[in-house]
Amino acid sequence: MKDINILGIETSCDETSCAVVKNGREVLSSVVSTQIKIHERYGGVVPEIASRKHVELIMPVIDQALKESGLSFDDIDAITVANGPGLVGALLVGVCVAKALAFALEKPLVAVNHIEGHIAANYIKDKGLKPPFICLVASGGHSHVVYVKSYLEFEVLGRTRDDAVGEAYDKVARTLGLGYPGGPKVDKLAQKGEVNIKFPKVKFPKGSLDFSFSGVKTSVLNYINRGKQKGEKIKNEDVAASFQKAVIDILVENTLKASEMKDCNVIAIAGGVSANSYLRSSIKEECEKRRIKIVIPDLELCTDNAAMIGSCGYFNFVEGRIAGLDLNAIPNLSLD
Ligand code: KG4
Ligand code: ZN
C-alpha cells in the first residue's frame, strides 16, 4: 500500500506548529514554536498578540517542518488543520494558511478538532493502539473523560462543570507568584512539598463522571490570602502538593470508573496536563494494579503540537472526510 503523508498545522492557542506524519503514526518532522516567552510578562495568553505572532511564524515553521521531513510538497497527500476549539484569531491563521496551501497545491484539505488531535497523540506513542479505549483529556481549556469508540466517534462520559483543570493550575500558580504557564511550575514545586492541607473535592451524584475545579481553586486562593492576612508563614510547596493531589486524584478516579462502566481495559491520557508527573505516575500505578493497559504519550506530544493534528488528519482523510475551501474556525467546537 502507498504511504500517506499528511502535513498538519496547529495554531489554536500560543504554539505555532507544523508536522509531517506518515500513515497516521510515524512523525517525519515536528516543529513547535512556542510563544511562552512573549505571553509570560502578561501572566497569560493575550489573544491578539498570539494571532499576530502566528502570522509571523507560520510560514517559516511550515518550511522547516517540510525540510526536516525530507519530503517536498509533491509527496504530501493532504493538508490538515485544527479549526477549533481555541482562540478564534489564532485558529484563523492556521485555517487560512491551510486553505491557501490546499488551493495552490491542489491537495485535499482536512479539518480536525483540536481535542480529537490530543487523543490521536496516543496513536503516535503506541503504534498498535486501536479504539475502543478510554481517554482522559486534560488541558488548559478542557477536562473530559472520553470513550473513544472508533477513530472518528467519541462519547464524552464526564466533563468539567466549570474550570478546566489546566486553568485551575494556571490560576493557583499566579496566586503563588509562579508565573505563566503555571502547570509545569506547580508540578515542580509540588515535588518538594507534602500533602498536608485538605482542599475540598466536589463529588457529583453516584454515576456522574463530571468534575468541578472552581471550588478547589477558590479554597486554595482563600487559604493563601487568609494566611497572608494573619501573617502566617505559608509553605508554597505544601500548597502546590495538596492542590495537585486534590485535582489529579479525581481525574484518575473518574477515568478508572469510566473503564469499569464501559468494561474497557485500555486507558490513554492526553492534553497539556497529561504532562503532569503526579498524574502520569498515579494513573500508571492504578492501571497496573487493575491490569489495565495504559498509554502515556511522550511529553512533547502532550502539550499542543501539530504531529497529533497530522495523525488525527490521517484517520479523517482515509475515511474521505475532506473539508471545503469555505472552512471556518470554530472557537467552541465540541467533541460530541
Ligand atoms: O493542551 P495544552 O498545551 O493547551 C490547550 O489545549 O489548552 O494545555 C496547556 C495546559 C496549561 O494550562 C498548562 O499549565 C498545563 O496544560 N500543563 C500542566 C503541565 N504542563 C502543562 N499542568 C500540570 N502539570 C504539568 N506538568
Ligand atoms: Zn491543546
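**Second pocket**

I looked up which helices line the second largest pocket of this predicted model, and found that α8 and α9 each supply at least two residues, helices being DSSP runs of H or I with at least four residues, numbered from the N terminus. The largest share, six residues, comes from α8. I noted as the lining D249, V252, E253, L256, K257, E260, S282, E285, E286 and R290, which divide into two nonpolar, one polar and seven charged. Here Ala, Val, Leu, Ile, Met, Phe, Trp, Tyr, Cys and Pro count as nonpolar, Asp, Glu, Lys and Arg as charged, and the others, Gly among them, as polar. For the volume I read about 190 Å³, taken as the space filled by probe spheres set on grid points that are joined across faces, edges and corners. A pocket is an open set of points on a 1 Å grid over the protein atoms alone, where a 1.4 Å probe fits and protein lies on both sides within 12 Å along at least five of seven lines; lining residues have an atom within 4 Å of a point.

**Largest pocket**

I then turned to the largest pocket, with a volume of about 1200 Å³ and a lining of 38 residues, of which C13, D14, G140, D170 and Y180 lie nearest its centre. The elements giving two or more residues to this lining are α1 (36-40), α4, α5 and α6, and α5 gives the most, with six residues. By class I recorded 13 nonpolar, 15 polar and 10 charged residues.

**Helix α6**

In α6 (residues 182-190) I found G182, G183, V186, D187, L189 and A190 buried, meaning under 20% relative accessible area with a 1.4 Å probe and protein chains only. Their cover includes α5 (165-175), α8 (236-261) and α9 (277-289).

H118 sits in helix α4 (residues 114-125) and D304 in the loop between α10 (299-302) and α11 (307-317), 186 residues apart. I also checked burial: H118 has a relative accessible area of 2%, and D304 one of 15%.

**Conventions**

I number residues from 1 along each chain as its sequence is written, with chains lettered from A and ligands numbered from 1 in the order in which they are written. Local features need pLDDT of at least 70 and side-chain atom pairs count only at pLDDT 80 or more, while totals for chains, interfaces and linings use all residues, and side-chain values use heavy atoms, with hydrogens and water left out.

Terms used
Buried means under 20% relative accessible area, exposed over 50%, partly exposed in between (1.4 Å probe, protein chains only). Contact means heavy atoms within 4.5 Å.
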